[in-house]
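Please look over the chain shown here.

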Amino acid sequence: MDKRKAARFMARLAADRPDPTTELEFINPFTLLVAVVLSAQATDVSVNKATEPLFKIADTPEKMLALGEERLIGFIRTIGLFRTKAKNVINLSRILIEQHGGQVPREREALEALPGVGRKTANVVLNTAFQEPTIAVDTHIFRVANRTGLAPGKTPREVEDGLNAIVPRRFKHGAHHWLILHGRYICTARKPNCAACVVRAYCEYPDKTDAASPAPARPASRRAPAAARPPSAPRAPRRAKKSADSRRGA
Ligand code: SF4
């Protein structure tokens, strides 16, 4: 896809969803980090269900450490790989206290040095907690980027580099959310809903579906993005929203 068409593609997604953000519930950068770590190979819905009571009593590294691994497991045992994830959350809490003054670092290198945090998780935290124009490539974005011709690549890193090269700067901060939600609700893995797709005119997928499909489930809320808030300012938990989800996590 050429840059001009890519710009139109992104502009159309942006117009359709002006305030994109993650569907993971969080209160502050620490709870965002924990939620993203827990979301690996799990749905946002399952993570939100577990973190709602958890974050009421453990929304800082100090409180998480005090909670301890076994009690943490009690909250997250419905999520896949919960034992490994519990260990990682406790260890990353300890490192945040010992090496970062109890704060989530803003540097990629420091984030990726935390247990359970890879490039994708770091990209989500940098984007959503610190308003960096990073694009985290999950399974949905990988599919959409390849299928549409927006940024074909054999690996998530290749797709990420391709997106960074072709997505205009003004769309970079929202691109992760626009593409992930598009993949989750419209350009789905099994059968893309091309009849309802707002970027159909720019998409280069040769096998578009034509039959009208039922309207896809959409996120219930389009409130202001978390990125618009100061990164260190805690806010009231976003508990009211119920979203349909059918993915692994971002
Ligand atoms: S036209 Fe179809 S394949 Fe292309 S982005 Fe839209 S839903 Fe996906």
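## Overall fold

Take contacts between residues at least 6 apart in sequence: 63% of them join residues at least 24 apart. This is a predicted model. The chain has eleven helices and zero strands. Read along the sequence, the pattern is α-α-α-α-α-α-α-α-α-α-α.

How many of the residues count as buried? Of the 250 residues in the chain, the share is 43%.

## Helices α2 and α8

Two packed helices are described by the angle between their axes and the distance between the axes. Helix α2 spans residues 29–38 and helix α8 spans residues 119–130. They pack at an angle of about 150 degrees, and their axes lie 10 Å apart. Angles over 145 degrees count as roughly antiparallel, so α2 and α8 are roughly antiparallel to each other. The crossing of α2 past α8 is right-handed.

Which residues make the contact? From α2 come Pro29, Leu32, Leu33, Val36 and Val37. From α8 come Thr121, Val124, Val125, Thr128 and Ala129. By class, this contact of α2 with α8 has eight nonpolar and two polar residues, with no charged ones.

## Helices α9 and α10

Helix α9 covers residues 139–148, and helix α10 covers residues 156–166. Their axes are 10 Å apart, at an angle of about 60 degrees. That angle makes α9 oblique to α10. The two helices cross in a left-handed sense.

On the α9 side, the contact uses Ile141, Phe142, Ala145 and Asn146. On the α10 side, it uses Pro156, Val159, Gly162 and Leu163. Six residues of the α9 contact with α10 are nonpolar, two are polar and none is charged.

## Lysine 56

Lysine 56 sits in helix α3, residues 44–57. Is lysine 56 buried or exposed? Lysine 56 counts as exposed, because it has 11 C-beta neighbours inside 10 Å. The cut-off for exposed is 12 or fewer.

Lysine 56 can also be placed relative to isoleucine 27. The two are 29 residues apart in sequence. In space, their C-alpha atoms are 9.6 Å apart.

## Ligand surroundings

The ligand is surrounded by 13 residues. Which are the closest? They are Cys187, Pro192, Cys194, Cys197 and Cys203.

By class, the shell around the ligand holds eight nonpolar residues, two polar residues and three charged residues.

Methods. Residues numbered from 1 in each chain as written. Predicted model: local features only at pLDDT ≥ 70, side-chain atom pairs only at ≥ 80, totals over all residues. Near = placed C-beta within 6 Å. Nonpolar A, V, L, I, M, F, W, Y, C, P; charged D, E, K, R; others polar. Helix = DSSP H or I, 4+ residues; strand = E, 2+ residues; numbered from the N terminus. Buried ≥ 20, exposed ≤ 12 C-beta atoms within 10 Å, placed from the backbone. Axes fitted to C-alpha atoms, helices over the stretch in contact; angles between N-to-C directions. Parallel < 35°, antiparallel > 145°, perpendicular 65-115°, else oblique. Left-handed = near helix turned anticlockwise from the far one by under 90°. Contact = placed C-beta atoms within 7 Å.
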